[in-house]
Amino acid sequence: GQFDALVVASGSVAFNGLTEMTDEQWQVGLQSKLMGQINLTRAAIPYLTDKGSITLISGILSEEPINWGVSASTVNGAIDHFVKAAACELPRGLRINVVSPTVLAESMDKYADFFPGFVPVPAAKVAQAYKKSVLGIQTGQVFRVNG
């Protein structure tokens, strides 16, 4: 049936140094996070109500790379640019945006060593960016959520 909004907050990437990344590791991010979200977008278009909303996820690494994050930086940047281009072509007043958060406060115990000096944000703040994307009027936007 029809639905009003698609919200995606998933996708995997491999973390490794540029010279150590294997083709298989590159494919993780390209297939899971990038093409996974592109394919969900494509599949949702016929089922979204007119003026419906699509919200994807990228992340801070598209703007601020970290050690061993070359795949994440590449994939996140591609998602940001996909949203800008797709917004120009969506039919029926459909909108598409992407939420690009920094590291979540709730994840710092696991990821702090990878994000030295980054100011984390609470998940509740990121949720507000999703709300803005779904209920607002913007399209083709990257909603950055920084600390």
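## A partly exposed residue and its surface patch

Phe114 has a relative accessibility of 35% and therefore counts as partly exposed (buried means under 20% relative accessible area, exposed over 50%, partly exposed in between, with a 1.4 Å probe and protein chains only). Phe114 sits in the loop between helix H3 (108-111) and helix H4 (123-135); helices (H or I, at least four residues) and strands (E, at least two) are DSSP runs, numbered from the N terminus. This is a predicted model, in which local features need pLDDT of at least 70 and side-chain atom pairs count only at pLDDT 80 or more, while totals for chains, interfaces and linings use all residues. Residues are numbered from 1 along each chain as its sequence is written, and side-chain values use heavy atoms, with hydrogens and water left out.

Together with Phe15, Trp68 and Tyr111, Phe114 makes a nonpolar surface patch of about 400 Å². Patches are made of residues with over 30% relative accessible area and no salt bridge, where like charges are joined within 9 Å and nonpolar side chains (Val, Leu, Ile, Met, Phe, Trp, Tyr) within 5 Å. The areas come from the Shrake-Rupley method with a 1.4 Å probe, and for residues only the protein chains shown count as cover. Trp68 belongs to the loop between S2 and H2 and is partly exposed because its relative accessibility is 44%. The phi angle of Trp68 is near 65 degrees, a positive value in a residue other than glycine.

## The sheet

Four strands form an open sheet with parallel pairing, in the order S1-S2-S3-S4. Its edge strands, strand S1 (3-7) and strand S4 (142-145), each pair on one side only. Neighbouring strands of the sheet are turned by 15 degrees against each other on average, direction ignored. Two strands pair if DSSP finds at least two bridges between them.

S1 is joined to strand S2 (residues 48-57) by four bridges, and Phe3 has Leu48 in S2 as its bridge partner. Five bridges pair S2 with S3; here Ser53 is partnered by Arg95 in S3. S3 and S4 are joined by four bridges, with Arg144 in S4 as the partner of Ser100.

## The enclosed strand S3

S3 is largely enclosed by the rest of the structure, because seven of its seven residues are buried. In a regular strand the side chains alternate between the two faces of the sheet. Arg95, Asn97, Val99 and Pro101 point one way from S3, whereas Ile96, Val98 and Ser100 point the other way.

Phe143 lies in strand S4 and counts as buried because its relative accessibility is 9%. Leaving aside residues up to four places away in sequence, Phe143 touches Asn97, Val98, Val99 and Ser100, as well as Ala129, Lys132, Ser133 and Gln138 (contact means heavy atoms within 4.5 Å). The C-alpha atoms of Phe143 and Pro101 are separated by 8.0 Å, although the two residues are 42 residues apart along the chain.

Ser71 is part of helix H2. Its relative accessible area is 0%, so Ser71 is buried. Its contacts, not counting residues up to four places away in sequence, are Val13, Ala14, Met21, Trp26 and Gly29.

## Salt bridges

Side chains of opposite charge can pair when their charged atoms come close. A salt bridge is a side-chain nitrogen of Lys or Arg within 4 Å of a carboxyl oxygen of Asp or Glu, and the count by this rule comes to three. One joins Asp50 and Arg92, whose closest N and O atoms are 2.7 Å apart. This pair links distant parts of the chain, with Asp50 in strand S2 and Arg92 in the loop between H2 and S3, 42 residues apart. Asp50 is exposed because its relative accessibility is 54%, whereas Arg92 is partly exposed at 36%. Phi of Arg92 is near 55 degrees, a positive value in a residue other than glycine.

Glu63, Asp80 and Arg144 are linked in a network of salt bridges. Glu63 and Arg144 meet at 3.0 Å, N to O. Glu63 lies in the loop between S2 and H2 and Arg144 in strand S4, so this pair ties together parts that are 81 residues apart in sequence. Between Asp80 and Arg144 the closest N and O atoms are 3.7 Å apart. Asp80 is in helix H2 and Arg144 in strand S4, so the parts tied together here are 64 residues apart in sequence. Asp80 is buried, with a relative accessible area of 4%, while Glu63 counts as partly exposed at 49% and Arg144 is partly exposed at 37%.

Key: Axes are lines fitted to C-alpha atoms, for helices over the stretch in contact, and angles run from 0 to 180 degrees between N-to-C directions.
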